[in-house]
Amino acid sequence: MPEHKKGLIPPQDQARQTDKSNMLLVDHIRAPHKKELTLMLLLRSPSGITENQVLRAVRISNARNYFTEVERKLGIVLGRLELENPDGIGAHFKYWITCRDDAQKVVRHINKMRLRRKDEPLSISEIDYLISQYPEVPEQAA
């Protein structure tokens with residue numbers, strides 16, 4: 001049992017030792033970054049998501065940075081609607097993808113992120129389903 005400043009570490013608190021010689025390729029897949037999780041949440045929400053929803057789901061306090069970055073990188077414009085905060089102090093935004101072409105660009109960007117971290121890209125059927133939820137031409141309000 002390893003020594004610790006205050007004595008021996010109980011077995012239940014010790015780090016589990018594993019034999020790394022039999023590890024599968026799956027073990028080398030890194031966890032999704034919060035940016036990828038945020039974009040997947042946006043893609044799966046055709047009616048839009050609020051900054052508060054992103055805060056609760058992904059634990060990001062300022063999702064607008066990710067949305068602004070994706071607009072700049074992909075050359076798209078997300079729909080935006082300013083909403084008052086429930087407490088009446090200040091406001092936050094609701095964001096949504098406005099058309100299928102923009103949704104397709106977001107899917108490609110997410111797949112690049114997934115491949116970079118050695119994960120499988122989204123399946124064709126999942127992509128078709130996600131993109132089919134968006135209108136052919138841009139919408140102005142959700």
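Here is a short briefing, from the overall fold down to a few residues.

This is a predicted model, where local features need pLDDT of at least 70 and side-chain atom pairs count only at pLDDT 80 or more, while totals for chains, interfaces and linings use all residues. Residues are numbered from 1 along each chain as its sequence is written, and side-chain values use heavy atoms, with hydrogens and water left out.

**The chain as a whole**

- The protein chain has 5 helices and 5 strands; these are DSSP runs numbered from the N terminus, with helices being H or I of at least four residues and strands E of at least two.
- Starting at the N terminus, the order reads β-β-α-β-α-α-β-β-α-α.
- Of its 142 residues, 34% are buried (buried is under 20% relative accessible area, exposed over 50%, partly exposed in between, using a 1.4 Å probe and protein chains only).
- Take the contacts (heavy atoms within 4.5 Å) with a separation of 6 or more: 58% of them come from residues 24 or more positions apart.

**Aromatic rings**

- The whole structure holds 2 aromatic pairs (Phe, Tyr or Trp rings, the six-membered one for Trp, with centres within 6.5 Å; planes under 30 degrees apart are stacked, over 60 edge-to-face, the rest tilted).
- Phe67 and Tyr95 make a tilted pair, at 4.4 Å centre to centre and 40° between the planes.
- That pair ties together distant parts of the chain, since Phe67 sits in helix 3 and Tyr95 in strand 5, 28 residues apart.
- Both partners are buried: Phe67 has a relative accessible area of 0%, and Tyr95 has 1%.
- Phe93 and Tyr95 have ring centres 6.0 Å apart and planes at 45°, so this pair is tilted.
- Phe93 is partly exposed, at 23% relative accessibility.
- Ring pairs join Phe67, Phe93 and Tyr95 into a cluster.

**Spots in the loops**

- Thr98 lies in the loop between strand 5 (91-96) and helix 4 (100-116), and Thr98 is buried at 6% relative accessible area.
- Most residues other than glycine have a negative phi.
- Arg59, not a glycine, has a positive phi of about 65°; Arg59 sits in the loop between helix 2 (51-58) and helix 3 (64-74) and is exposed at 64%.
- Lys118 also has a positive phi of about 65° without being a glycine; Lys118 is in the loop between helix 4 and helix 5 (124-132) and is exposed at 55%.
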